[in-house]
Amino acid sequence: MKGVKHKILVLSGKGGVGKSTFSAQLAHGLAADDTKQVALLDIDICGPSIPKMMGLEGEQVHQSGSGWSPVYVEENLGVMSVGFLLSSPDDAVIWRGPKKNGLIKQFLRDVDWGEVDYLIVDTPPGTSDEHLSIMQYLGATHIDGAVIITTPQEVALQDVRKEINFCHKVKLPVIGVVENMSGFICPKCKNESEIFPPTTGGAEMMCKNLNVSFLGKVPLDPQIGKSCDNGQSFLSEVPESPATSSYKNIIQRIQDYCGLHQSQEK
């Protein structure tokens, strides 16, 4: 991990809020700058969707003298996931905690990431074994912080409050919260509909109440799911979408946060 400048954890209180989708787009967005080396580590052991989203399904991990080699999407974007270790994408991973922890340790210790500007860690939902392991193993190194993904409705926000509480307890800085699936703009009539009505003011109000940064809203766009299914970058496939400009603004804010923390450390 010595060669990794910035480490960003992507967390969510519950599943299905678009955490892996955001991790994939964040990786693509950061790697759009050719001068930056980006790594995406998928520690969602039981539901590894990153290989599919990055167009790497069926790829295998190769061993070299310096450890496991990541699978590369671009020259400056490497990926590691338990999905590369399964004989079929349909294989279930039925493991107890210690085995999961062992694999996470291996991913951090034995993967030859090389010199990396940004390491993005896509985690499973909740606050369980995998989260405690990644905090324990990365504790000796510097973690920039966590980006927490939610949807606008109170059922999702309830779990995000727990996630923020977890971050405070383990002393993990919160970079900010992203509200995903925030409204749907009809491609034909251009009217916006609220698919998940924010009954308590949505993520923005929650962030104000908890004194946490609100990074922005990403509207629903059917092309996001399509790009992920096809293993393509939504940002480069649909550059004119309102969701693309939202993603880019959020990614810029994350970069600014990392840059500010780096200068403060110096």
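**View 1. Glutamate 130 and the residues it touches.** Leaving aside its neighbours within four places in sequence, glutamate 130 is in contact with Ile43, Ile45, Lys100, Ile104 and Pro124. This close-up, like the others here, comes from a predicted model. To find the residue, go to helix 4, which covers residues 129–138 and holds glutamate 130. Is glutamate 130 buried or exposed? Its relative accessibility is 4%, so glutamate 130 counts as buried, because buried means under 20% relative accessible area.

**View 2. The salt bridge between glutamate 130 and lysine 100.** Here we stay with glutamate 130 and bring in one of its contacts, Lys100. The two side chains meet in a salt bridge, at 3.3 Å from N to O. The pair links distant parts of the chain, with glutamate 130 in helix 4 and lysine 100 in helix 3 (residues 97–110), 30 residues apart. Lysine 100 has a relative accessible area of 13%, so this residue is buried. Glutamate 130, with 4%, is buried too.

**View 3. Lysine 19 meets aspartate 122.** Now to another pair: a salt bridge joins the side chains of lysine 19 and aspartate 122, with 3.4 Å from N to O. Distant parts of the chain are linked by this pair, since lysine 19 sits in helix 1 and aspartate 122 in strand 7 (residues 116–122), 103 residues apart. How accessible is aspartate 122? Its relative accessibility is 0%, so aspartate 122 counts as buried. Lysine 19 counts as buried as well, at 7% relative accessibility.

**View 4. Aspartate 159 and lysine 14.** In this close-up, aspartate 159 forms a salt bridge with lysine 14, and the closest N and O atoms are 2.7 Å apart. The pair links distant parts of the chain: aspartate 159 belongs to helix 5 (residues 154–169), while lysine 14 lies in the loop between strand 1 (4–12) and helix 1 (19–31), 145 residues away. Aspartate 159 is buried, at a relative accessible area of 17%. Lysine 14, by contrast, is partly exposed at 28%, because partly exposed lies between the 20% limit for buried and the 50% limit for exposed.

Conventions. Residues are numbered from 1 along each chain as its sequence is written. This is a predicted model: local features need pLDDT of at least 70, side-chain atom pairs count only at pLDDT 80 or more; totals for chains, interfaces and linings use all residues. Side-chain values use heavy atoms; hydrogens and water are left out. Helices (H or I, at least four residues) and strands (E, at least two) are DSSP runs, numbered from the N terminus. Buried means under 20% relative accessible area, exposed over 50%, partly exposed in between (1.4 Å probe, protein chains only). Contact means heavy atoms within 4.5 Å. A salt bridge is a side-chain nitrogen of Lys or Arg within 4 Å of a carboxyl oxygen of Asp or Glu.
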